[in-house]
Amino acid sequence: MKQLKLKTTVMALALVSLTAMSCKDNKKEHMDGDTHSEMSHDGDVEQGKMESSNDMASNDGQMANSKQIMADYMAVKSALVETDQAKAAQAGNKMVGSLKSFDMSGYSAEQQTELKDIIADATEHAEHIGESEMEHQREHFKTLSKDMMDMVAITGTDATLYQQFCPMYDGGGAWLSMEKDIKNPYFGSKMMTCGKVEKEIKSTM
Amino acid sequence: MKIFRIIAWLLLLSFVVIQFFPTAYNQSETVPKTDFIVVNNPSEHISNLLQTSCYDCHSNNTEYPWYNKIQPAAWYLEEHVKHGKSELNFNEWDELSDRRKASKLKSIISQIKNDEMPLPSYTLIHKDAIFSDEEKLAIINYMTELKQQLD
């Protein structure tokens, strides 16, 4: 009996330490996975660069990228207008991807510094939109909108944008929209038409 | 009955075994030049509040509780501190651009206002880290003022 106990003890010990080890391994693997995906991202960027250098217009590569970021931002906005937390989270996560693969090599050094700052900030807000409750998503959307306005001031836009503003939200909240009509992302159906067009940002292409 | 005894043994053993896994300590003697308090030089009242309620997870120096000597509590704390520092590290405040500072200040204000910070799991044991209404207001006012300077 005693021997049996001892045996079980030893076996249990082995089992436990094995499990602990494999846990660690899993973690490592997971991390490796992350770097892989990052690397493949970089690959994408490389490809994008090559394509753009093949094109005649020198700015094509990045414009496609800032265009993608803007498209993702609009998806977040639409989800917030619909007060759809899950959809906003999904769009936010997608936006994180575009922000991270943003190719800014065609801009001047000064613009790049500014863009890097904007992108770093926007990434954080998009990440939070990807994992937060509705109210937090809207809070982060307010700052994200500011980042997008500053980004467009540098990159320009291929479609006319409307900068809109609702004075009711948290001391006033602005956002960008592709349409002139007001659809409020801060309140959704509660106050759908609260706001006005502050500025029209004309297409630069 | 035997099976219960084996399970109990297993649990006890795993508890013993995990004690041998080391965790990374978040401790530093020096306060860098980029530290929030060094840079902004707030009143002593505000500095104390920040250090008591925020710095354990949001700086390079944690004052560890006794149960950090015991697993799995130490793992839990390690993850906590790592995550806290990745969101905001007061020691590295001045490395942030004005835009990022404004963003962080906004989050600080909103999370303190909504009682999301300090974390309930933290104040459960660190009773001194709980902000009174008056302290909450003082911190929020101070952070709002800082933010206005940046806008």
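What percentage of the 205 residues of chain A count as buried? In this predicted model, the figure is 30%.

**Close-up 1. Overall layout of chain A.** Chain A has 5 helices and 3 strands. Along the sequence they follow the pattern α-α-α-α-α-β-β-β. Among contacts in chain A with a separation of 6 or more, 62% link residues 24 or more positions apart.

**Close-up 2. The largest nonpolar core.** This core holds 29 residues. Tyr73(A), Val76(A), Ala88(A), Met95(A), Leu99(A) and Met148(A) touch the most other members. Two or more residues come from each of α2 (60-81), α3 (85-100), α4 (109-129), α5 (134-155) and β2 (173-177) of chain A. α2(A) gives the most, with 8 residues.

**Close-up 3. Contacts of Ala88(A).** Neighbours within four places in sequence are left aside here.

**Close-up 4. The hairpin of β1(A) and β2(A).** Strand β1 (residues 161-166) of chain A runs antiparallel to β2(A), and 5 bridges join them. In one of these pairings, Gln163(A) has Leu176(A) of β2(A) as its bridge partner. Between the strands are 6 residues. In this hairpin, Asp170(A) takes a positive phi near 45°. β2(A) is largely enclosed by the rest of the structure, because 4 of its 5 residues are buried.

Conventions: Residues numbered from 1 in each chain as written. Chains lettered and ligands numbered in written order. Predicted model: local features only at pLDDT ≥ 70, side-chain atom pairs only at ≥ 80, totals over all residues. Core = buried A, V, L, I, M, F, W, Y, C linked by C-beta atoms within 7 Å. Buried ≥ 20, exposed ≤ 12 C-beta atoms within 10 Å, placed from the backbone. Contact = placed C-beta atoms within 7 Å. Pairing = 2+ DSSP bridges.
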